[in-house]
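Please keep the sequence and the model in view while reading.

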Amino acid sequence: MRDVAIIGVKNTKFGELWERSLRDIVVEAGIGAIQDAGVSGKDISALYVGNMSGGRFIEQEHIGALIADYSGLSKNLHVPATRVEAACASGGLALRQAIMSVASGYSDIVVAAGAEKMTDVGSEEASSALAAAADREWEGMAGATFPGLYAMIARLHMHRYGTTSEQLAEVAVKNHKNGSLNPIAQYRNRITVDDVLNSIMVADPLHIYDCSPITDGASAVVLAPADVAHKYTDTPIYIKATAQASDTIALHDRRDITTLDATVMAAKRAYSMAKLGPEDIDVVEVHDCFTIAEICAIEDLGFAEKGKGGIVTANGETAIGGRIPVNTSGGLKACGHPVGATGIKQAVEITTQLRGEAGKRQVDGAEYGMTHNVGGSGATAVIHIFSRER
Amino acid sequence: MSSVPRFWRSLGSRYNLEGTRCKECGEYYYPPRNFCVNCRRGGHIEPYNFKGTGEIISYTIIHTAAEGFEGQTPYTLAIIQLDEGPSLTSQVIGDPEKIHIGMRVRSVFRKLGEDGERGMIYYGTKFVPADPE
């Protein structure tokens with residue numbers, strides 16, 4: 001296997017982009033990443049696109065071909081394009097497929113993109129499309145919603161470990177603060193714990209400010225074999241690990257609903273592949289689709305003892321400048337969560353951090369970074385570890 | 001809420017908690033599975049009717065409803081572990097203030113939801129507190 005590096009990155013603005021279509025935003029991200037990498041279309045040997053639900057959100061399937069076409073990679077170049085789907089982990093999986101394609105020697109320069117256009121449908125339809133990430137027949141048909149599933153995780157976490165609504169709110173407060181420093185973030189306003197606690201209840205104990213929003217956005221990265229990465233950029237960021245794990249599709253079938261075993265297993269595989277541990281990681285983007293999800297994630301990834309994620313957050317240990325900065329981009333909560341794009345956006349953020357180009361949200365001296373992308377309530381987890389040095 | 005055949009296919013399980021059990025390892029499955037997770041091809045699956053008693057593992061009160069459940073908010077959704085072992089997701093009827101983790105519940109036959117005013121009405125299993133207060 002060959003070592004792989006990221007040589008170009010680009011996020012579009014995240015938000016409610018009424019005037020823009022899916023193809024518009026993916027092309028902006030893709031061309032931006034290619035430009036950042038200093039490669040041209042004819043150098044590209046493959047394209048992977050993470051997209052959860054083009055069929056539900058814009059009544060469009062065959063997203064890979066669509067994106068290749070509008071990126072100018074089809075008509076003359078006939079570049080192979082593949083859509084990758086694993087609900088909200090689609091982007092992370094697209095990145096993983098792209099890495100494996102380069103590592104195997106099958107491809108050289110590969111683009112991994114992710115995109116979702118969620119605001120072409122109303123919020124009820126969007127929620128229903130998102131609920132398809134859970135078990136439709138045995139969770140959805142009982143009346144489960146996505147916030148409802150994570151609310152049950154939160155309830156048991158609170159019951160067992162004493163986690164509080166205030167601690168959950170601290171996750172949102174921190175991520176909004178980080179988002180205020182990120183020019184592409186959907187929400188750049190700062191909020192307080194009281195704002196969260198006084199916002200409407202969606203699924204008790206989760207308020208609307210405990211939930212990530214509905215977002216349009218696209219992200220892309222360009223990968224190259226590490227041996228040639230310096231030909232394109234002075235600051236290649238190296239992939240130290242790519243790991244993925246599965247768990248039961250339904251939350252009720254899990255061994256323990258307060259632990260995402262898929263995250264634990266993917267992290268174990270990733271740390272082993274990178275020959276690193278949680279203590280080596282300087283900055284991490286985790287899948288905070290709900291505030292409780294960030295608390296579980298930092299525990300399951302080894303950044304906090306099980307049950308202590310809330311306390312660690314309230315202590316400021318996950319803030320920029322803290323022991324382990326989490327979600328410097330603003331996370332899914334404030335940067336936004338265009339589901340198929342999220343896993344790629346996380347890689348763009350970590351690359352930006354490791355390059356030292358994150359401006360006001362820069363983590364000083366960051367050498368190792370991690371991304372953690374989850375599908376559904378934890379049936380898929382995909383983790384990547386990145387390094388400034390090869 | 002769903003397509004009619006999709007719901008109809010599993011009516012027995014939805015109305016009467018019909019599940020399955022592996023004769024080889026003794027594992028019970030609800031929702032039913034026809035392939036044993038433990039024994040895989042070595043398993044021997046047979047039908048099993050659950051008693052319908054269990055306890056609440058966790059719960060939430062849903063204020064923003066799923067599609068087809070809009071008329072029911074707020075409603076209590078729970079993960080319930082049946083006494084035979086497996087867990088399922090279902091609604092719990094009763095005073096939300098009195099519902100708690102560890103509460104004993106039993107199954108009842110109820111209306112689940114409907115596809116609008118003129119659409120299908122769906123029936124199935126919900127749970128109520130097992131011990132009268």
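How are H1(A) and H3(A) oriented to each other: parallel, perpendicular or oblique? The model, which is predicted, places helix H1 (residues 22-37) of chain A against helix H3 (residues 63-70) of chain A at an angle of about 60 degrees, with the axes 9 Å apart. Angles from 65 to 115 degrees would count as roughly perpendicular and those under 35 degrees as roughly parallel; H1(A) and H3(A) are therefore oblique to each other. Their crossing is right-handed. On the H1(A) side the contact is made by A:Arg23, A:Val26 and A:Val27, and on the H3(A) side by A:Leu66, A:Ile67 and A:Tyr70. By class, the residues of this contact are 5 nonpolar and 1 charged, with no polar residue.

From H4(A), the residues A:Ser90, A:Gly91, A:Gly92, A:Leu93, A:Ala94 and A:Leu95 take part. They meet A:Val339, A:Gly340, A:Ala341, A:Thr342, A:Gly343, A:Ile344 and A:Ala347 of H14(A). The contact of H4(A) with H14(A) comprises 7 nonpolar and 6 polar residues, and no charged ones.

Chain B is next. Its domain assignment gives domain 1 (1-9 + 52-133) and domain 2 (18-50). The C-alpha centres of these two domains of chain B are 24 Å apart. Their contact draws 6 residues from domain 1 and 5 residues from domain 2. The domain 1 side of that contact has 3 nonpolar, 2 polar and 1 charged residues.

What remains is the contact between the chains. Chain B contributes 25 residues to it and chain A 28 residues. On the chain B side, strand E4 (53-62), strand E5 (75-82) and strand E6 (87-92) each supply at least two residues. The largest share of that side, 6 residues, comes from E4(B). The side of chain B that touches chain A is made up of 13 nonpolar, 11 polar and 1 charged residues.

Within E4(B), B:Ile62 stands opposite A:Ala203.

Terms used
Residues are numbered from 1 along each chain as its sequence is written. Chains are lettered from A and ligands numbered from 1 in the order in which they are written. This is a predicted model: local features need pLDDT of at least 70, side-chain atom pairs count only at pLDDT 80 or more; totals for chains, interfaces and linings use all residues. Two residues are in contact if their C-beta atoms, placed from the backbone, lie within 7 Å. Helices (H or I, at least four residues) and strands (E, at least two) are DSSP runs, numbered from the N terminus. Ala, Val, Leu, Ile, Met, Phe, Trp, Tyr, Cys and Pro count as nonpolar, Asp, Glu, Lys and Arg as charged, and the others, Gly among them, as polar. Two strands pair if DSSP finds at least two bridges between them. Domain bounds come from an automatic or database domain assignment. Axes are lines fitted to C-alpha atoms, for helices over the stretch in contact, and angles run from 0 to 180 degrees between N-to-C directions. Angles under 35 degrees count as roughly parallel, over 145 as roughly antiparallel, 65 to 115 as roughly perpendicular and the rest as oblique. A crossing is left-handed if the near helix is turned anticlockwise from the far one by less than a right angle, and right-handed if clockwise.
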